[in-house]
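User: I would like to learn how to read the features of a protein model. Please take them step by step.

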Amino acid sequence: MAEAGVLLVPPSAVTGWGSLAWQGARWFEGTYGDLTPRPVVIASPRRLFRPRPEVLVCEERFDPREVVVVDGLRVTDAVRATCFEMRYAPNLRAAVRALDMACYDDLVSIEEVSAWVSVHPSYTGIEQARLAIPLGDENAWSPAEVDFRLDWTELVGRRPMTNRPIFDLSGRHLGTPDVVDPQTGVVGEFDGPVHLAEGRRAADLRREAAFREHGLHPVTMVSAERRDQSAFHARVRSAYAAASRQAADERRWTLEPPAWWAPTWTVAQRRQLGDGDREVWLRYRHG
């Protein structure tokens, strides 16, 4: 990033993933899926220097008021940088991932992105960004979770809640699954390699047991099932069938948090937290 910075001539600025990473976004690491490096993109009204493999120049128009200086580097603000990533993403899913992961660090809200898109109707890729907005979620905790939610929505035909805490009827926190269908109590978990650690796996099994004891219907996908999801799909359908046969009095859980619980499932809620509260209420997102 520093190499790109020395090339900047006002009003040019780093945009896209580079801007978001420089502003602290955890999930914008500057690599493609095969881990090869992505070039840093510089927004510039005209070609002010010779391009090179590690730096691309985007000469589309931009408002200089959208440039901020962060730790000495000129970058486009987070909303414009996020919209750039969404517009130039290779496909719609990648655009949704970019939106969700910018929201993860509270750099943008979906409302802010939607407002930017609505007033820039002629920009390259704007239709893809527009289509991604209603698919976005401000409470996804990783790119893998975004795909998991989208897969679930396509399979079931309705959208689940993402990382919503579940409580028993006395207000005890049972767990926070990756997704939950609030109408049926079917919950979904995506277990990546980190879940294979002995201590983590034991905790996962205890939580799954607690879910079942309270009338929920957990289903887990493991990372090896990403390519062929047929077995996972069968388990999801089985869980929904079991939920449809469940008597109402067997539902001993709620999504309504107790009065002492601080909700954190929107960007607006998280932005209201002070530093101390953020450490308390958001620490689990980095586990």
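Analyst: Start with contact, which means heavy atoms within 4.5 Å. Among contacts in the protein chain between residues at least 6 apart in sequence, 63% join residues at least 24 apart. The model is predicted: local features need pLDDT of at least 70 and side-chain atom pairs count only at pLDDT 80 or more, while totals for chains, interfaces and linings use all residues. Residues are numbered from 1 along each chain as its sequence is written, and side-chain values use heavy atoms, with hydrogens and water left out.

User: How many helices and strands are there in the protein chain?

Analyst: Helices (H or I, at least four residues) and strands (E, at least two) are DSSP runs, numbered from the N terminus. The protein chain has eleven helices and twelve strands.

User: What radius of gyration does the protein chain have?

Analyst: The radius of gyration is taken over C-alpha atoms, and the globule rule is 2.2 Å times the number of residues to the power 0.38. For 287 residues, a compact globule would have a value near 19 Å; the protein chain has 21 Å, which agrees. The C-alpha trace spans about 70 × 40 × 40 Å along its principal axes.

User: Which residues of helix 3 are buried?

Analyst: Buried means under 20% relative accessible area, exposed over 50%, and partly exposed in between (1.4 Å probe, protein chains only). In the protein chain, buried residues make up 48% of the 287 residues. Helix 3 is mostly covered, with ten of its eleven residues buried. These are Ala78, Val79, Arg80, Ala81, Thr82, Cys83, Phe84, Glu85, Met86 and Arg87.

User: What does the accessible surface of the protein chain come to?

Analyst: Accessible areas come from the Shrake-Rupley method with a 1.4 Å probe; for residues, only the protein chains shown count as cover. The accessible surface of the protein chain comes to about 14,300 Å², and 54% of that belongs to carbon and sulfur atoms.

User: How many positive and negative side chains does the protein chain have?

Analyst: Lys and Arg count as positive and Asp and Glu as negative, while His and the chain ends are not counted. The place of a charge is taken as NZ of Lys, CZ of Arg, CG of Asp or CD of Glu. There are 36 positive and 40 negative side chains, and the centres of the two sets lie 3 Å apart.

User: How many salt bridges does a search of the whole structure find?

Analyst: A salt bridge is a side-chain nitrogen of Lys or Arg within 4 Å of a carboxyl oxygen of Asp or Glu. The search finds 21 of them. One is between arginine 38 and glutamate 85, where the closest N and O atoms are 3.1 Å apart. This pair links distant parts of the chain, 47 residues apart: arginine 38 is in the loop between helix 2 (16-22) and strand 2 (40-43), and glutamate 85 is in helix 3 (residues 78-88). Arginine 38 counts as partly exposed because its relative accessibility is 25%, whereas glutamate 85, at 9%, counts as buried.

User: With which residue does glutamate 60 form a salt bridge?

Analyst: Arginine 80 is one partner of glutamate 60, with the closest N and O atoms 3.7 Å apart. Glutamate 60 lies in the loop between strand 3 (55-58) and strand 4 (67-70) and arginine 80 in helix 3, so the pair ties together parts that are 20 residues apart in sequence. Glutamate 60 counts as buried at 16% relative accessibility, and arginine 80 is buried at 3%. Arginine 87 also meets glutamate 60 in a salt bridge (2.5 Å, N to O). Here arginine 87, in helix 3, and glutamate 60 are 27 residues apart.

User: Which residues are linked in a network of salt bridges?

Analyst: The network links Arg93, Arg97, Asp147, Asp151, Glu154 and Arg226.

User: Where does leucine 56 lie, and which residues does leucine 56 touch?

Analyst: Leucine 56 lies in strand 3. Not counting residues up to four places away in sequence, leucine 56 touches Pro39, Val40, Val41 and Ile42. Leucine 56 counts as partly exposed, because its relative accessibility is 44%.

User: Is asparagine 163 buried or exposed?

Analyst: Asparagine 163 counts as buried, at 2% relative accessibility. Asparagine 163 has a positive phi of about 50° although it is not a glycine. Its place is in the loop between strand 6 (161-162) and strand 7 (166-168).
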